[in-house]
Protein chains: 2
Amino acid sequence: MRVDLVVCAITARALRVVLWRREEAPELGAWSLPGGFVADERESLRHAAERLMAERTGLTASFLEQLFTFGDPGSDPRGPFVSVTYLAVVAGAPKPRDCEFHDARKAPRLAFHHGDVLKMGVDRLRTKTEYSTVPLRFLEEPFTLSEVQNVYEVLLQRELDKRNFRRKFLALDALEETNELRREGAHRPARLYKTSPKKPDLLKEKGILFPF
Amino acid sequence: MRVDLVVCAITARALRVVLWRREEAPELGAWSLPGGFVADERESLRHAAERLMAERTGLTASFLEQLFTFGDPGSDPRGPFVSVTYLAVVAGAPKPRDCEFHDARKAPRLAFHHGDVLKMGVDRLRTKTEYSTVPLRFLEEPFTLSEVQNVYEVLLQRELDKRNFRRKFLALDALEETNELRREGAHRPARLYKTSPKKPDLLKEKGILFPF
DNA sequence: CCAAAAGTGTTGGCGTTACACCCATGG
DNA sequence: CCATGGGTGTAACGCCAACACTTTTGG
């Protein structure tokens, strides 16, 4: 049983995913997603996902969620594998080890079923952006509201109105104001925020969403 | 590798799920979900789900979707299984073979992790009710608008306004009007509808949802 | 004093909700 | 003619989207 990962980060106003160049046949030299095998019958799937993420990329996920389980034996030339896929979000702009971040919209053709997995991961992320605070996981704490808005704009692929975004996002009550300011560059310093400790990602309470 | 099923139907204004009484240890006599093992490495997960559904309940799903893959070896006393779970919807009010429909809100305690699976299935169904036409799969075609409204009311667990429901649901353009009428009982006959052939279940087009 | 990003309120339009009566039929 | 569920339109309200200027800082 395999675990395959869609590992996402946001840098330079674009969504990036970790790709990996295959070093053996079949599809030698093709791009693929990082992944590997569950160690043995005693390892949980989630543990395998965390372990493989560390082993393959050297990164730690700030959000990790099961995506889908592919179990169509004929679809992989390497053998009749079941592939459990995970979506991972990484905070900040780290450097992965032994692999590269690619712009999610300009990803090359991927080996095996990995193109489908990537699409499913990115779609899920974009959908969640509309009704959850998962996008906050792309940021290192503390962060500014402008940084939050930037993450949402990248994921939703459109610009948002600053005043509306701030009013609406603060109303979610998902953030905690700090007294610190970030001063950088020749302009007014920005107030810093942290995620509120005991708030879930889901916003089903009031059907709150982001249809700006 | 196991496949376990949450099989749902709606009868007598309540959501029902198929439960199965275990006939062997451990948990002999306890209620559980229908399921079984994937036949061999050549059988796809979806095929296994369809096959086990037929074998265990004698029913055919009008909607079948993968739910989640449970892979925590310590959680099942029978062994270190991976359990791929599916959500199934059955149209009409059929009689399952060798098992029983229970009211989803009054389900007894279930064996193993099946309580979690049931909750996950019912939650998913209720969530999908708000932004998809999956609930139509509970109906045999052709159906009346009142029957559609009844299904949505059962799933959303509240009453909906008849005029608003009709206007909004017809605007989805997910139904096809037929010229037939259903005449039953001492009242005006109801117009019959079918699902529109080429409409997807998802209504992401216009962010349409059901916050009545 | 200039540039650059942070921060802040109000209004009009549209979509949602609330609401009551007539219609067609069988018995 | 009576009971039963089918079928239909409008008006008030609230929420969403659009919009521009002041503040604070570094250089």
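In this predicted model, B:Lys128 forms a salt bridge with B:Glu65, and their closest N and O atoms are 3.1 Å apart. The pair ties together distant parts of the chain: B:Lys128 belongs to helix H2 (residues 114-129) of chain B, while B:Glu65 sits in strand E5 (residues 63-70) of chain B, 63 residues apart. Both partners lie away from the surface by the accessibility criterion, since B:Lys128 is buried at 11% relative accessibility and B:Glu65 is buried at 19%.

The glutamate, B:Glu153, is buried with a relative accessible area of 10%, whereas B:Arg13 is partly exposed at 49%.

A:Glu55 forms a salt bridge with A:Arg51, the closest N and O atoms lying 3.1 Å apart. These two residues are four residues apart in helix H1 (residues 45-57) of chain A, so about one helical turn separates them. A:Glu55 is partly exposed, at 39% relative accessibility. Over all chains, the count comes to 28 salt bridges.

Attention can now turn to a helix end in chain B. B:Asp161 caps the N-terminal end of helix H4 (residues 162-171) of chain B, where one of its side-chain oxygens lies 3.1 Å from the backbone nitrogen of B:Arg163. After H4(B) comes B:Asp173, whose phi is positive, near 65°.

Finally, what of the cysteines? The structure holds zero disulfides over all chains. A:Cys8 is in no disulfide, and the nearest cysteine sulfur, that of A:Cys99, is 13 Å away. A:Cys99 is likewise in no disulfide, its nearest cysteine sulfur being that of A:Cys8, 13 Å away. For a disulfide, the two sulfur atoms would have to be within 2.5 Å. Both cysteines are buried, A:Cys8 with a relative accessible area of 0% and A:Cys99 with one of 12%.

Conventions
Residues are numbered from 1 along each chain as its sequence is written. Chains are lettered from A and ligands numbered from 1 in the order in which they are written. This is a predicted model: local features need pLDDT of at least 70, side-chain atom pairs count only at pLDDT 80 or more; totals for chains, interfaces and linings use all residues. Side-chain values use heavy atoms; hydrogens and water are left out. Buried means under 20% relative accessible area, exposed over 50%, partly exposed in between (1.4 Å probe, protein chains only). A polar contact is a pair of N or O atoms within 3.5 Å; within protein, one must be able to donate a hydrogen and the other to accept it, and residues adjacent in sequence count only if both atoms are side-chain atoms. A salt bridge is a side-chain nitrogen of Lys or Arg within 4 Å of a carboxyl oxygen of Asp or Glu.
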